[in-house]
Amino acid sequence: MDMETVKLSLIVERLAPELGPFLTSREMDLNIVLRDGLEVLEPADAMEIVQHSICNGQKQALLQ
């Protein structure tokens, strides 16, 4: 399987729609590179990606 780049919003929409209200538009617009593509992604993987995206966004906010 080839790598695939998708928006975080697509991952949330497909695998964790309940998290949508908790994410900012900036977070939802992040590009995420998936090593094995979206089709093999599991809900637990989606949760981990969302958690890392939020943490990275908070780090960037603190640095500014």
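Visitor: What makes Asp36 partly exposed rather than buried or exposed?

Guide: Its relative accessible area is 34%. Buried means under 20%, exposed over 50%, and partly exposed lies in between (1.4 Å probe, protein chains only), so Asp36 at 34% lands in the middle class. Before we go on: this is a predicted model, where local features need pLDDT of at least 70 and side-chain atom pairs count only at pLDDT 80 or more, while totals for chains, interfaces and linings use all residues. Residues are numbered from 1 along each chain as its sequence is written, and side-chain values use heavy atoms, with hydrogens and water left out.

Visitor: Why is the pair Arg35 and Asp36 called a salt bridge?

Guide: The rule asks for a side-chain nitrogen of Lys or Arg within 4 Å of a carboxyl oxygen of Asp or Glu. Arg35 and Asp36 come to 3.6 Å, N to O, so the pair qualifies. Arg35 itself is exposed, at 63% relative accessible area. As background, side chains of opposite charge can pair when their charged atoms come close.

Visitor: How many salt bridges does that rule give?

Guide: The count is 3. Lys7 pairs with Asp29, with the closest N and O atoms 3.4 Å apart. That pair links distant parts of the chain, 22 residues apart: Lys7 sits in strand β1 (residues 4-7) and Asp29 in the loop between α2 (25-28) and β2 (31-34). Lys7 is partly exposed at 31%, and Asp29 is partly exposed at 49%.

Glu39 and Arg14 also form a salt bridge, again with 3.4 Å between the closest N and O atoms. Here Glu39 is in the loop between β2 and α3 (43-63), Arg14 is in helix α1 (residues 8-15), and 25 residues separate them.

Visitor: How do you know that Glu39 is exposed?

Guide: Glu39 has 64% relative accessibility, and the exposed class starts over 50%, so the label holds.

Visitor: What makes something a helix or a strand here, and how many of each are there?

Guide: They are DSSP runs numbered from the N terminus: helices are H or I with at least four residues, strands are E with at least two. The chain has 3 helices and 2 strands, in the order β-α-α-β-α.

Visitor: What makes a set of residues a nonpolar core, and which residues have the most contacts inside the largest one?

Guide: A nonpolar core is a set of buried Ala, Val, Leu, Ile, Met, Phe, Trp, Tyr and Cys residues joined through side-chain atoms within 4.5 Å. The largest has 15 residues, and those with the most contacts inside it are Leu8, Ile11, Leu34 and Ile49. α1, β2 and α3 each supply at least two of its residues. Ile49, for one, touches Leu8, Ile11, Ile32, Leu34 and Leu41, not counting residues up to four places away in sequence; contact means heavy atoms within 4.5 Å.

Visitor: Why are the buried residues of α1 said to be on the same side?

Guide: Those residues are Leu8, Ile11 and Val12. The arc is that of the directions from the helix axis to the C-beta atoms. They cover only 95 degrees, which puts them on the same side of α1.
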